[in-house]
Amino acid sequence: MNKVVSRLLVFFIGIPLILAIVYLPYCNHLALHILVCLVSVIASCELYDMLSKNMALPPKPFIAFLSALIPFVQMLISVIPGLTGGQFSVDLPTCVLIFSLLAVLVYEVFSAKTFEFSNQHFSGSFFIIIYAGYLITFLQRLTTATSKEGESMAVPLITTLLLMVFLCDSLAWLFGVLFGKNNRGFIKASPNKSIAGFIGGLIGSVAAGVLASFVWPDFFGSSRPLVIVTGVLTAFAAIIGDLIESICKRSSGVKDSGSIILGRGGLLDSIDSILLASPLFYLLTGIFFGPFGA
């Protein structure tokens with residue numbers, strides 16, 4: 001019953017609240033960027049706490065700072081047009097990612113007194129920075145996306161992405177409850193996952209894409225088959241993202257990533273699907289409906 005209540009609260013309160021933030025256009029969606037930076041800090045701390053159960057890591061503030069630095073830089077270049085002077089053609093957040101990874105290496109060189117845990121420091125830190133810091137920047141990049149005609153695609157794209165992920169998660173749970181009793185356990189990382197739930201997730205994501213093609217026909221209406229392909233692949237990425245976090249929790253011996261969200265556990269438990277779906281959605285929509293002006 002608690003799971004049902006928590007899901008209903010997320011569906012009727014959490015999702016509308018997030019979409020309301022998406023629809024705040026000021027300074028290229030500054031409110032959304034600030035939210036993403038806060039989410040990155042919390043998610044990196046939760047992931048750090050999980051991984052530190054069975055592996056050595058550098059200090060938490062250091063790793064959390066490096067993780068949050070990447071979406072912070074993405075925020076700056078998104079909300080301040082011309083920050084790079086129009087001459088900087090490289091992917092700045094990716095450059096900051098490389099800097100963050102190098103910072104971990106340099107820290108180990110100058111701080112380590114013994115080296116039996118150095119490989120754990122490297123691998124754990126890299127995973128946290130990429131997973132909780134870098135992947136979420138692809139959601140931010142959508143705030144500056146434009147159509148071929150130069151019209152902003154930020155609201156249609158971000159809304160479609162979030163609805164694809166939310167409906168994938170919700171219908172996967174619903175189909176699993178209704179039809180998944182005899183087809184569970186095919187994935188060891190999450191034994192409660194079912195084939196029926198997987199199918200429900202695909203249906204939910206595709207339905208969100210089809211809905212978007214009717215709401216924003218200028219962007220998606222003439223390419224509905226491509227919207228369906230995007231929905232299927234985004235759902236697959238969202239499901240894999242959920243399973244990856246399940247593996248992290250099982251390896252660390254914890255049930256939830258944290259306790260910040262009543263009835264649902266940690267923040268990472270609620271955004272794991274978005275983290276993996278965002279880069280793939282960004283890539284697919286850029287190919288199918290671009291170019292983007294990010």
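Select F220 and F289 to begin: both residues are buried, a term that here means under 20% relative accessible area, with exposed set at over 50% and partly exposed in between (1.4 Å probe, protein chains only). The model is predicted, so local features need pLDDT of at least 70 and side-chain atom pairs count only at pLDDT 80 or more, while totals for chains, interfaces and linings use all residues. Residues are numbered from 1 along each chain as its sequence is written, and side-chain values use heavy atoms, with hydrogens and water left out.

Next, show the rings across the whole structure, where a search finds nine aromatic pairs; rings of Phe, Tyr and Trp (its six-membered ring) pair if their centres lie within 6.5 Å, and planes under 30 degrees apart count as stacked, over 60 as edge-to-face and the rest as tilted. Move to F127 and Y131, whose ring centres are 5.1 Å apart with planes at 20°, so this pair is stacked. Both belong to helix α5 (residues 118–134), four residues apart, about one turn of the helix; helices are DSSP runs (H or I, at least four residues), numbered from the N terminus. F127 is partly exposed at 27% relative accessibility, whereas Y131 is buried at 4%.

Return to F220 and F289, an edge-to-face pair with 5.1 Å centre to centre and 90° between the planes. This pair links distant parts of the chain, F220 in helix α9 (residues 217–220) and F289 in helix α11 (residues 267–289), 69 residues apart.

Terms used
Helix = DSSP H or I, 4+ residues; strand = E, 2+ residues; numbered from the N terminus.
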